[in-house]
Amino acid sequence: MADLSKYRNIGIFAHVDAGKTTTTERILKLTGMIHKIGEVHDGESTTDFMEQEAERGITIQSAAVTCEWKKHRFNVIDTPGHVDFTVEVYRSLKVLDGGIGVFCGSGGVEPQSETNWRYANESKVARLIFVNKLDRLGANFFRVKDQVQKVLGANPLVMTLPIGEEDNFVGVVDVLSQKAYVWDDSGQPENYEVQDIPADMVDQAAEYREMLIETALEADEDLLMEYLEGELEPTEEQIKACIRKGTNELLFFPTYCGSAFKNKGMQLLLDAVVDYLPSPTEVPPQPLTDEEGEPTGDFALVDPEEPFRALAFKIMDDRFGALTFVRIYSGRIKKGDTILNSFTGKTERVGRMVEMQAEDRTELSEAQAGDILAIVGMKNVQTGHTLCDVKQPCTLEAMVFPEPVISIAVSPKEKGGAEKMGIAIGKMVAEDPTFQVETDEDSGETILKGMGELHLDIKVDILKRTYGVDLVVGKPQVAYRETITQEIEDSYTHKKQSGGSGQFGKIDYRIKPGEPNSGFKFSSTVVGGNVPKEFFPAIEKGFAGMMEEGPVAGFPVLDVEVELFDGGFHAVDSSAVAFEIAAKGAFRQSMPKAGAQLLEPMMKVDVFTPEDHVGDVIGDLNRRRGMIKDQEAGNTGVRIKADVPLSEMFGYIGHLRTITSGRGQFSMEFSHYAAAPQNVADQVIAEVKERNEKK
């Protein structure tokens with residue numbers, strides 16, 4: 001049986017272009033998994049094996065690789081940095097025990113770093129920090145360290161210091177051992193020497209060692225007291241034990257520096273994964289929930305002897321068939337076993353199991369708690385489903401995914417392509433929970449929904465290249481919503497008499513705006529039995545069913561509270577159906593009176609621009625109805641944060657490049673819904689009306 005204390009399930013996450021994939025490549029090279037290093041900028045990295053990834057130089061899907069370092073088994077997941085693929089980071093963090101946050105030495109803490117860091121905090125994942133690209137122009141380790149404190153509110157524990165910077169970056173000082181690691185110019189990771197600290201860094205290294213010890217010993221109060229009273233100089237083992245404890249309790253984050261591309265500083269980072277990140281048995285066990293998602297108080301203990309419990313965290317379709325990536329929390333699984341999908345209630349037989357080395361795979365006959373592997377050919381499993389022992393069903397805490405904010409209408413170019421398109425989209429929807437598809441009932445159009453322009457752009461590209469489906473793509477559509485602004489009291493009676501028993505239901509109710517993000521809430525304060533209790537669910541169902549189509553332009557309705565306070569019923573003619581119809585009529589009657597308004601999605605936009613273009617960029621964002629929130633000057637330019645309506649951001653990247661001479665960058669993610677100005681609402685209503693007339 002494998003020794004779980006020697007397992008490390010880790011993820012590498014960061015902003016676009018901070019060097020995550022290159023860092024993963026170096027880990028694979030150093031651990032002997034690959035012999036030739038593939039570079040991202042050449043489109044040849046091991047983990048970026050999709051055509052679209054190689055071409056754009058970005059990671060789209062998280063890729064799982066397994067390797068070994070100092071007799072420890074690493075399951076490494078390289079995640080995307082682009083904001084449209086944040087879901088990949090989120091679901092990877094959900095199944096990992098530790099992570100490495102990679103920050104660019106010159107770019108520092110960038111927008112997506114903040115989002116990923118927030119996800120990691122929510123998932124309570126212990127992390128190391130790696131400040132990468134210190135060989136680049138404008139790189140400054142200490143500035144990035146300060147940003148981590150200020151922007152992320154995190155406590156970086158400096159473990160290595162850079163020797164030289166930019167072109168003169170040659171190695172690092174290990175603060176704990178007070179030794180210098182210096183690499184030669186060959187670019188080979190193994191070509192380094194351990195030397196004495198350069199004379200001009202001795203004082204700085206000693207100062208950082210003292211800070212390291214004091215911070216580390218905060219994890220052990222007794223040791224700290226002895227140290228502060230001067231009774232004891234802790235041993236290296238004691239300090240390491242404290243760093244490990246503090247890292248796993250998220251008190252601080254051991255911080256390393258180097259250049260993955262130039263192969264400098266990587267060995268110390270790998271040693272830190274072994275020394276400080278937790279094994280599967282050292283993280284809090286996963287809570288189990290009931291069918292409604294409420295915690296039951298039980299946990300999936302990381303133990304091969306416990307019943308089998310695993311979470312499917314990713315579906316991927318490749319040339320060998322559908323791969324279901326699974327993290328096993330407890331128990332073990334063998335080839336040929338029958339397991340239960342507790343979400344569908346159906347059983348699945350485990351055919352082939354494989355361990356992934358990026359695109360290559362190794363066949364497995366069994367796996368156990370702590371393992372991350374892929375099962376080939378599962379039929380009805382989707383992301384977030386729990387797989388468990390048939391005799392002991394259970395549900396692991398589910399994943400919650402954000403709703404898409406943008407949609408496009410598509411149709412196949414070729415006449416007979418509809419079926420082919422349907423099958424391909426079905427596979428892609430299974431792979432990505434934030435990518436959704438629906439058919440417009442009136443026009444019969446296929447509507448694709450996603451997290452942003454790039455997200456949908458790449459999906460269309462994959463359909464064309466991977467599945468051979470050429471599409472005609474319509475204009476992007478924004479996911480507007482509706483709500484109300486006033487509280488009103490109203491009454492509605494549904495009465496129908498047509499031979500035999502009739503239908504009767506009278507309701508008196510209040511409709512009022514709810515709290516933001518509260519959805520739909522129903523309550524009843526009826527006294528005296530004027531409306532019998534058994535009809536309450538039907539009334540609630542009637543109102544809730546109407547929330548899909550608002551009175552302004554037919555968009556879904558958000559944040560409405562309905563209170564039933566009186567009504568009337570007929571001993572013979574009243575029924576659940578009658579009251580449900582009454583509630584639907586009441587909704588239609590009262591919503592327009594309650595100050596109904598259109599809501600538009602607001603995006604959190606983060607723009608980076610060279611200093612000489614700041615005025616142009618801010619002026620442009622203002623023209624797009626943006627609210628400037630913050631400006632921050634850095635070494636190489638200025639970051640501008642703003643809230644901007646999604647409808648104003650289409651095609652923004654092209655425009656930004658034009659006004660910044662090709663040097664501007666931006667990222668955006670959904671922030672909240674806000675009331676649309678009247679002129680915008682009028683235009684949207686007119687467009688919806690025109691579309692409906694065409695149908």
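Trainee: Which residue in β11 is the bridge partner of Ile-129?

Mentor: This is a predicted model: local features need pLDDT of at least 70, side-chain atom pairs count only at pLDDT 80 or more, and totals for chains, interfaces and linings use all residues. Residues are numbered from 1 along each chain as its sequence is written, and side-chain values use heavy atoms, with hydrogens and water left out. Strands β5 and β11 (residues 253-257) run parallel, joined by three bridges. In β11, the partner of Ile-129 is Thr-255.

Trainee: How many bridges join β4 to β5?

Mentor: Strands are DSSP runs of E, at least two residues, and helices are runs of H or I, at least four, numbered from the N terminus. Two strands pair if DSSP finds at least two bridges between them. Gly-98 stands opposite Ala-126 in β5. β4 (residues 98-104) runs parallel to β5, and the bridges number seven.

Trainee: How many residues of β5 are buried?

Mentor: Buried means under 20% relative accessible area, exposed over 50%, partly exposed in between (1.4 Å probe, protein chains only). Ala-126, Leu-128, Phe-130 and Asn-132 point one way, Arg-127, Ile-129 and Val-131 the other, and all are buried. β5 is therefore largely enclosed by the rest of the structure, its buried count being seven of seven.

Trainee: Is Lys-133 buried or exposed?

Mentor: Lys-133 sits in the loop between β5 and α5 (141-152). Its phi is positive, near 60°, in a residue other than glycine. Its relative accessible area is 14%, so Lys-133 is buried.

Trainee: And Lys-71, buried or exposed?

Mentor: Lys-71 lies in the loop between β2 (63-69) and β3 (72-78). This residue is not a glycine, yet has a positive phi of about 65°. With a relative accessible area of 73%, Lys-71 is exposed.

Trainee: Which strands stand at the edges of the open sheet of four strands?

Mentor: The order is β7-β8-β9-β10, with antiparallel pairing. Each edge strand has a single partner, so one side of each is left without a neighbour in the sheet; they are β7 (160-163) and β10 (192-195).

Trainee: Which residue in β10 does Tyr-181 stand opposite?

Mentor: β9 (residues 179-183) and β10 pair in the antiparallel sense over four bridges. Opposite Tyr-181 stands Val-194.

Trainee: At about what angle does α9 run to β9?

Mentor: Axes are lines fitted to C-alpha atoms, for helices over the stretch in contact (heavy atoms within 4.5 Å). Angles run from 0 to 180 degrees between N-to-C directions. Helix α9 (residues 266-276) lies across β8 (171-174), β9 and β10. Its angle to β9 is about 130°.
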